[in-house]
Amino acid sequence: MTADTPQPRHFAPRGPLTGRIRVPGDKSISHRALMFSALAVGRSRISGLLEGEDVLATAAALRAMGATVERNGEDWIVDGVGVGGFLQPQGALEMGNSGTSTRLFLGLLASQGITAVLTGDASLSKRPMGRVIDPLSEMGARFEPSPGGTLPLLIEGMEPAVPITYRLPVASAQVKSAVLLAGLNTPGITTVIEPVPTRDHTERMLAGFGAQLDTGEEDGERVVRIHGPADLKPCNVTVPGDPSSAAFFAVAASIVPGSDLVIENVGLNPTRAGIFTVLRQMGADIEELDARDVGGEPVADLRVRHAALSGVEVDPAIAPSMIDEFPVLFVAATLAEGTTVTTGLDELRVKESDRLAAMAAALAEAGAKVKEMPDGLVIHGSGGKPLRGTTDTAVATHLDHRIAMSMAVAGLASSNGVEIDDVRPIATSFPGFAALLYGASA
Ligand code: S3P
């Protein structure tokens with residue numbers, strides 16, 4: 001993060017959101033575009049890359065292992081080293097706040113004869129790495145994590161690694177991707193079985209880079225097989241706008257009366273678009289305009305108009321397709337008529353913060369009626385009446401960008417506004433968020 005001390009900020013109530021905006025590139029796709037370009041032999045060009053701190057941590061780690069990663073005008077150019085071609089990094093790989101960088105790099109390193117130490121900030125250093133250590137150890141890598149299976153962590157890759165068949169015990173695209181990436185440099189077929197499908201950017205993009213990859217359904221489960229060692233060819237990648245970032249604006253426009261906002265170029269991959277489905281179930285007015293394909297991903301412009309929302313019971317089966325959007329959904333629920341019930345969200349407790357506890361506390365601080373359950377929140381909405389907002393105490397964001405942005409959106413639809421203890425983490429995924437929010441609202 002740019003500054004060493006917390007940066008509090010007050011998000012005041014605002015008038016309608018109108019006009020046209022564009023959110024930055026998709027974070028998940030940006031990490032993968034850099035990593036796969038670095039594994040191709042030759043030069044790839046990436047446009048629309050998210051220049052957030054998490055993605056820049058990925059870029060820096062790739063440079064430390066021999067790839068050339070440079071900004072060139074609006075694009076990024078990557079000269080790759082080839083699968084199996086990473087160099088031994090000289091110092092620790094700094095992962096900052098980024099769980100995606102960490103877990104995907106552990107996959108990449110597991111099948112290369114490299115020893116590396118990965119470090120992270122206070123939030124990342126609490127997050128569980130056992131979920132990737134387990135399958136990658138089966139493939140032959142050796143790990144020395146900190147107590148509790150956390151960072152700082154040393155990994156010693158195994159070359160050649162052993163191909164495995166791994167059924168995911170938790171619905172996690174990061175774990176799936178870590179195993180598939182380890183499979184890239186592993187002779188034979190590495191298989192991942194997903195009882196519950198998660199975001200599929202790794203599969204889509206690896207196929208685009210020329211990896212031999214089979215995906216299908218067997219006995220109601222998603223099965224992905226990667227043939228190694230793979231040979232990746234350089235690509236031109238266009239990164240669509242991040243639906244997770246667009247979600248803050250979709251909720252803001254839905255809850256602030258008089259809003260009529262177009263969010264351009266939003267990625268709508270079905271494994272990511274659950275938030276828009278649930279908002280529509282609540283009565284949100286979200287129209288898809290100019291549906292098209294961008295870089296192998298479905299994309300549209302979203303026109304969002306203010307609407308009266310009703311509480312819903314959210315089907316836990318939709319959770320993986322909106323796993324990062326629950327904090328802002330909880331904000332929408334506080335303004336809805338009636339009660340919103342969410343369940344099956346244990347995974348939210350191991351994100352950048354414990355998002356169930358953090359959002360329950362933050363929303364209560366802002367005057368909402370919210371009850372924290374072991375695996376979800378129950379929220380009694382105000383029926384469109386603005387939230388009170390904070391009084392003396394700022395909401396605690398626990399180094400979590402999505403808590404900060406969600407509560408900023410809550411501030412727009414409140415009487416007092418919402419004071420946030422620290423906005424620095426927003427730069428991990430959405431540089432320019434506050435300026436865009438204030439520019440779009442009156
Ligand atoms: C991501 C997967 C999700 C998500 C994270 C990005 C990815 O994490 O929460 O923000 O890019 O693969 P999990 O795999 O832990 O669910």
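Where does P160 lie? P160 lies in the loop between β9 and β10 (165–167); strands (E, at least two residues) and helices (H or I, at least four residues) are DSSP runs, numbered from the N terminus.

This is a predicted model, in which local features need pLDDT of at least 70, side-chain atom pairs count only at pLDDT 80 or more, and totals for chains, interfaces and linings use all residues. Residues are numbered from 1 along each chain as its sequence is written, and side-chain values use heavy atoms, with hydrogens and water left out.

**Backbone**

The peptide bond between E159 and P160 is cis, with omega about 0°. L151 and P152 are also joined by a cis peptide bond, with omega about -10°. P152 belongs to strand β9 (residues 150–156). D219 is not a glycine, yet its phi is positive, about 50°. D219 is part of the loop between β12 (213–218) and β13 (221–228).

**Ligand site**

The shell around the ligand consists of S28, R32, T100, R103, A171, S172, A173, Q174, R199, I323, D324 and K351; a residue counts as near if one of its heavy atoms lies within 4 Å of the molecule. Three residues of the shell are nonpolar, four are polar and five are charged. In this scheme Ala, Val, Leu, Ile, Met, Phe, Trp, Tyr, Cys and Pro count as nonpolar, Asp, Glu, Lys and Arg as charged, and the others, Gly among them, as polar.

| Side chain | Ligand atom | Distance |
|---|---|---|
| R32 | oxygen | 2.7 Å |
| S172 | oxygen | 2.6 Å |
| D324 | oxygen | 2.6 Å |

Taken alone, the ligand exposes 390 Å², and the protein buries 95% of that; the areas come from the Shrake-Rupley method with a 1.4 Å probe.

Domain 1 (9–25 + 240–440) and domain 2 (27–238) each supply at least three residues of the shell; the domain bounds come from an automatic or database domain assignment.

Conventions: A polar contact is a pair of N or O atoms within 3.5 Å; within protein, one must be able to donate a hydrogen and the other to accept it, and residues adjacent in sequence count only if both atoms are side-chain atoms.
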